[in-house]
Amino acid sequence: MDQLVTLNRRELLKTTSGLLTGCVVAGSPLALIAPGREWAVDLTALTSSEGAALVSMARTIAPHDKLDDAAYAMVIKAIDGDAEKDESNRKMLKEGLAALGPEFAASSENDRVAALKKMESSAFFQAMRLKTVQVLYATPMAYVYFGYQGEAFSKGGYLQRGFNDLRWLPEVPLEDGGPMPVSALPETSSAPRVTRPIMP
């Protein structure tokens with residue numbers, strides 16, 4: 001969400017070629033972390049309609065019905081940044097978008113899937129697929145949607161923050177769980193206590 005910017009109208013017109021906008025759905029996982037109800041992503045190499053077509057393409061490649069468009073907009077922001085830096089990349093995107101046609105974003109999902117299957121070996125499709133997977137699943141929005149808490153190293157490790165809180169997996173029977181750590185076993189009076197001799 002830190003890439004969503006606020007510009008005044010004059011700055012926006014000078015710096016952008018297109019704009020992706022949307023509203024956060026109330027009650028969605030994104031609503032829990034979003035700073036506001038509306039979001040916008042400015043595009044410098046792509047137009048608004050090209051950005052919308054690429055959002056539909058990214059959503060078709062990685063379909064998650066309840067994942068907000070803002071997460072897919074982060075993918076398009078990354079693609080737009082690559083296209084701004086590299087003319088050959090921009091040309092490939094424009095040619096790929098032309099091959100999709102102007103009605104791609106408004107098409108049904110079945111029609112979008114059929115259109116993408118025809119071009120799945122193209123450099124355009126492969127670049128979009130790769131960037132979608134790389135960016136979409138690395139955003140905090142997707143983390144919230146999927147229930148992933150992020151990396152644990154900076155937060156003290158998994159043992160201290162929910163190592164065993166996977167709610168979608170069935171509980172493992174105790175006999176199948178492997179040996180328990182010694183400190184977890186209850187002490188009984190009949191068990192002999194082993195002590196180490198003190199070395200002189």
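Where is the place of Met 119? Met 119 sits in the loop between α6 (109-118) and α7. This is a predicted model, where local features need pLDDT of at least 70 and side-chain atom pairs count only at pLDDT 80 or more, while totals for chains, interfaces and linings use all residues. Residues are numbered from 1 along each chain as its sequence is written, and side-chain values use heavy atoms, with hydrogens and water left out.

**View 1. Met 119 in its loop.** At a relative accessible area of 12%, Met 119 is buried (buried is under 20% relative accessible area, exposed over 50%, partly exposed in between; 1.4 Å probe, protein chains only). Leu 100 lies 19 residues away from Met 119 in sequence and 8.9 Å away in space, C-alpha to C-alpha. Helices here are DSSP runs of H or I with at least four residues, numbered from the N terminus.

**View 2. Helix α4, residues 69-85.** At 1.5 Å a residue, the 17 residues of α4 should span 24 Å, and the end C-alpha atoms are 25 Å apart, which agrees (the expected span is 1.5 Å times one less than the number of residues). Buried residues of α4 include Ala 70, Tyr 72, Met 74, Ile 76, Ile 79 and Ala 83. Down at the start of the helix, Asp 68 gets a side-chain oxygen to within 3.0 Å of the backbone nitrogen of Ala 70.

**View 3. A nonpolar surface patch.** Val 133 belongs to helix α7 (residues 123-136) and is partly exposed at 43%.

**View 4. Two aromatic pairs.** Rings of Phe, Tyr and Trp (its six-membered ring) pair if their centres lie within 6.5 Å; planes under 30 degrees apart are stacked, over 60 edge-to-face, and the rest tilted. Tyr 137 and Phe 146 have ring centres 5.9 Å apart and planes at 45°, so that pair is tilted. Tyr 145 and Phe 146 come out edge-to-face, because their centres are 4.8 Å apart and their planes at 80°. Relative accessible area is 34% for Tyr 137, 25% for Tyr 145 and 38% for Phe 146.

How values were computed:
Helices (H or I, at least four residues) and strands (E, at least two) are DSSP runs, numbered from the N terminus. A polar contact is a pair of N or O atoms within 3.5 Å; within protein, one must be able to donate a hydrogen and the other to accept it, and residues adjacent in sequence count only if both atoms are side-chain atoms. Patches are made of residues with over 30% relative accessible area and no salt bridge: like charges are joined within 9 Å, nonpolar side chains (Val, Leu, Ile, Met, Phe, Trp, Tyr) within 5 Å. Accessible areas come from the Shrake-Rupley method with a 1.4 Å probe; for residues, only the protein chains shown count as cover. A salt bridge is a side-chain nitrogen of Lys or Arg within 4 Å of a carboxyl oxygen of Asp or Glu.
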